[in-house]
Amino acid sequence: MSETVLEAKHMKKVYNYNTPNAFEALHDINFQVFEGDFVAIMGPSGSGKSTFINNISTIDLPTSGHVYINGREVRSMSSNEIGRFRYQNLGFIFQDFNLLDTHTMFENIAMPLSLAHVDKDEIHKRVDDLAKQMDILHLLKKFPNECSGGQRQRAAICRALINNPRIIVADEPTGNLDSTNSSELMKILQRLNSEDGVTIVMVTHDPLITSYSSRLIYISDGNIETVLEKGDMTQDEYFQKIVEINSAESREILAK
Ligand code: ADP
């Protein structure tokens with residue numbers, strides 16, 4: 001049995017807590033991610049996917065309940081500890097890449113290491129190694145706005161991987177990519193997962209992107225509605241089931 005790397009127990013999120021505008025976006029979430037898992041989070045717009053991923057990855061803190069990462073309770077840590085912990089354990093990939101246009105591709109990728117005061121030679125070695133693997137070595141002196149969307153997303157992946165995180169958290173990582181770049185990104189994530197054992201938790205609205213995962217968590221109205229394991233299914237069979245779950249939910253929304 002693999003180790004649990006991420007766990008939520010009775011996780012609840014209320015926005016604008018204790019105000020007349022209080023809104024409970026997550027109700028009572030119980031959820032575990034095991035080492036080496038590749039989990040996709042789906043659900044209609046506004047169902048709580050981003051809230052969910054933010055609250056299990058230290059970006060935000062739940063209103064009540066517990067979140068554990070590698071066995072450590074996030075709420076019991078100071079903000080400094082959370083920062084260090086994030087740097088040591090987590091890599092983030094976002095839809096809009098979050099690269100700084102005023103910095104070169106090299107500086108963007110190196111950012112987490114520079115912030116951690118890693119030795120300059122070591123930074124160069126690690127950035128060059130990763131950039132080579134992602135085929136953007138020739139772009140390191142360029143600025144993000146001189147590169148294509150696919151190249152920028154690959155730089156964002158390099159930045160997410162630069163501290164060798166054991167867990168990657170991705171929110172709509174293919175949202176701004178065309179289909180060729182999307183499937184290329186998914187192959188990279190799948191390789192990291194299957195060959196290097198990196199755990200991945202990813203939000204997406206695209207059944208084809210989800211078909212690269214090993215487990216689907218479907219969220220509806222702030223609750224986990226359905227869990228689907230890929231198990232022995234082929235990617236194509238898994239894809240068909242994912243489409244069914246999404247269209248059943250769409251029919252329910254239409255009938256309301
Ligand atoms: P999804 O990612 O599935 O589209 P979100 O997690 O972004 O959903 O949002 C879930 C619900 O919480 C939505 O109704 C949204 O309007 C609400 N929400 C999200 N962020 C905030 C916030 N900062 N303040 C108040 N309500 C929020």
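Trainee: Let's start with N18. Where is its place?
Mentor: N18 is in the loop between β1 and β2. Keep in mind as we go that this is a predicted model.

Trainee: And what is phi of N18 near?
Mentor: Phi of N18 is near 65°, a positive value in a residue other than glycine. Most residues other than glycine have a negative phi.

Trainee: Is N18 buried or exposed?
Mentor: N18 counts as exposed, because its relative accessibility is 69% and the cut-off for exposed is over 50%.

Trainee: Which phi does N16 have?
Mentor: N16 has a positive phi of about 50°, although it is not a glycine. N16 also has its place in the loop between β1 and β2. At 47% relative accessibility, N16 counts as partly exposed.

Trainee: Okay, on to the ligand. Which residues surround the ligand?
Mentor: The ligand is surrounded by Y15, N16, F23, A25, P44, S45, G46, S47, G48, K49, S50 and T51.

Trainee: Which element supplies the largest share of the shell?
Mentor: That is α1, with three residues. β2 (23-34) and α1 (49-55) each supply at least two residues of the shell.

Trainee: What lies 2.8 Å from an oxygen atom of the ligand?
Mentor: A backbone N or O atom of G46 does. For G48, a backbone N or O atom lies 3.0 Å from a ligand oxygen.

Trainee: How much of the ligand does the protein bury?
Mentor: Taken alone, the ligand exposes 560 Å², and the protein buries 59% of that.

Trainee: Switching to the sheets. What order do the strands have in the open sheet of six?
Mentor: The order is β6-β7-β8-β3-β9-β10, and the pairing is mixed.

Trainee: Which strands stand at the edges there?
Mentor: β6 (90-94) and β10 (223-229) do. Each has a single partner strand, so one side of each is left without a neighbour in the sheet. The twist averages 15° from one strand to the next.

Trainee: I'm curious about β3. How many of its residues are buried?
Mentor: Five of the five residues in β3 (residues 38-42) are buried, so the strand is mostly covered, where buried means under 20% relative accessible area.

Trainee: Which way do those residues point?
Mentor: F38, A40 and M42 point one way from β3, while V39 and I41 point the other way. In a regular strand the side chains alternate between the two faces of the sheet.

Trainee: How many bridges join β3 to β8?
Mentor: Four bridges join β3 to β8 (residues 199-203), and the two strands run parallel. In that pairing F38 stands opposite I200. β3 also pairs with β9 (residues 215-220) in the parallel sense, over four bridges. There, M42 stands opposite Y218.

Trainee: And in what sense do β7 and β8 pair?
Mentor: β7 (residues 167-171) and β8 pair in the parallel sense over five bridges. I167 stands opposite T199 in β8.

Trainee: What about the open sheet of four strands, what order does it have?
Mentor: The order is β2-β1-β4-β5, with antiparallel pairing. The edge strands are β2 and β5 (72-73), and each pairs on one side only. Five bridges join β1 (residues 4-15) to β4 (residues 64-69), and K9 stands opposite H66 in β4.

Trainee: Last one: which helix does D196 lie in?
Mentor: D196 lies in α6 (residues 179-196). With a relative accessible area of 45%, D196 is partly exposed. The C-alpha atoms of D196 and R166 are separated by 9.0 Å, and the two residues are 30 residues apart along the chain.

Trainee: Great, thanks for walking me through it!

Note on methods: Residues are numbered from 1 along each chain as its sequence is written. This is a predicted model: local features need pLDDT of at least 70, side-chain atom pairs count only at pLDDT 80 or more; totals for chains, interfaces and linings use all residues. Side-chain values use heavy atoms; hydrogens and water are left out. Buried means under 20% relative accessible area, exposed over 50%, partly exposed in between (1.4 Å probe, protein chains only). Two strands pair if DSSP finds at least two bridges between them. A residue is near a molecule or strand if one of its heavy atoms lies within 4 Å of it. A polar contact is a pair of N or O atoms within 3.5 Å; within protein, one must be able to donate a hydrogen and the other to accept it, and residues adjacent in sequence count only if both atoms are side-chain atoms. Accessible areas come from the Shrake-Rupley method with a 1.4 Å probe; for residues, only the protein chains shown count as cover. Axes are lines fitted to C-alpha atoms, for helices over the stretch in contact, and angles run from 0 to 180 degrees between N-to-C directions.
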